[in-house]
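Please work through the following exercises with the sequence and the coordinates at hand. Each task is followed by a solution in steps.

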Amino acid sequence: MEIRIIDMPETKDIELRSEKVRNIVGKIPPAIDRYGITIIGLVIAIMVAVSMLIPYQEEIYFTVTANPLAPSSCVAYIEPQKAKQLQQGMTVSIDVNGLTIEGNVISISEKRINGLNTVDIFLRENEEITLKSGLQASVTLTEKSWFNAILGL
């Protein structure tokens, strides 16, 4: 078997498009060139402005058990991570059959029962819960804008 090497003749670059077509294809439309970056910047600025106006409420939800001996107070058993975020005096909203009863956190126990911290809640004046258990409660930790929440401010 014999191998031959054949030299290819030099070819000139073949132009597939005329000069007029290359000018049109290679040209950026002036409107996009002029206004594209401005439009993108305005969209980002509007998004930041809107995020500063939309409220973001960070809340903790937990279950509350009414105290049958003192109807103006109740107890909650909360995971340690949630209990660390609570402070004395925080306002607690408790849902009782569609009605909202508010109270304040009196104390947060450092001792754990079954791995949960005990939180005592005192209801506001003229508010009472009688013999209800497993009520849904929530505490609003922060009321800030989405912008501040994202940036951690």
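The exercises below concern a predicted model.

**Exercise 1. The nonpolar core**

Task: Determine which residues of the largest nonpolar core touch the most other members, and which strand gives the most to this core.

Solution. 
- Step 1. The largest nonpolar core has 21 residues, and those that touch the most other members are Phe 62, Val 64, Val 92, Ile 94, Ile 121 and Ile 129.
- Step 2. Two or more residues come from each of the strands S1 (55-66), S2, S3 (91-96), S4 (99-113), S5 (116-123) and S6 (135-145).
- Step 3. S1 gives the most, with four residues.
- Step 4. Beyond four places in sequence, Phe 62 touches Ala 76, Ile 78, Val 92, Ile 121, Leu 135, Gln 136, Ala 137 and Val 139.
- Step 5. As background, nonpolar side chains in soluble globular proteins tend to be buried together.

**Exercise 2. Strand S3 and its partner**

Task: Assign the residues of S3 to a covered and an uncovered face, and describe how S3 and S4 pair.

Solution. 
- Step 1. The covered face of S3 consists of Val 92, Ile 94 and Val 96, whereas Thr 91, Ser 93 and Asp 95 form the uncovered face.
- Step 2. The pairing of S3 and S4 is antiparallel and comprises six bridges.
- Step 3. Asp 95 has Thr 100 in S4 as its bridge partner.
- Step 4. Two residues lie between S3 and S4 in this hairpin, and Asn 97 in the turn has a positive phi of about 50°.

**Exercise 3. A nonpolar surface patch**

Task: Identify the residues of the nonpolar surface patch and classify Trp 146 by accessibility.

Solution. 
- Step 1. Leu 42, Ile 46, Val 50, Ile 54, Trp 146, Ile 150 and Leu 151 make a patch of about 700 Å².
- Step 2. Helix H2 (30-53) and helix H4 (146-151) are the elements that give two or more residues to the patch.
- Step 3. Trp 146 is located in H4. Its relative accessibility is 39%, between the 20% and 50% limits, so Trp 146 counts as partly exposed.

Methods:
Residues are numbered from 1 along each chain as its sequence is written. This is a predicted model: local features need pLDDT of at least 70, side-chain atom pairs count only at pLDDT 80 or more; totals for chains, interfaces and linings use all residues. Side-chain values use heavy atoms; hydrogens and water are left out. Patches are made of residues with over 30% relative accessible area and no salt bridge: like charges are joined within 9 Å, nonpolar side chains (Val, Leu, Ile, Met, Phe, Trp, Tyr) within 5 Å. Accessible areas come from the Shrake-Rupley method with a 1.4 Å probe; for residues, only the protein chains shown count as cover. A salt bridge is a side-chain nitrogen of Lys or Arg within 4 Å of a carboxyl oxygen of Asp or Glu. Buried means under 20% relative accessible area, exposed over 50%, partly exposed in between (1.4 Å probe, protein chains only). A nonpolar core is a set of buried Ala, Val, Leu, Ile, Met, Phe, Trp, Tyr and Cys residues joined through side-chain atoms within 4.5 Å. Contact means heavy atoms within 4.5 Å. Two strands pair if DSSP finds at least two bridges between them.
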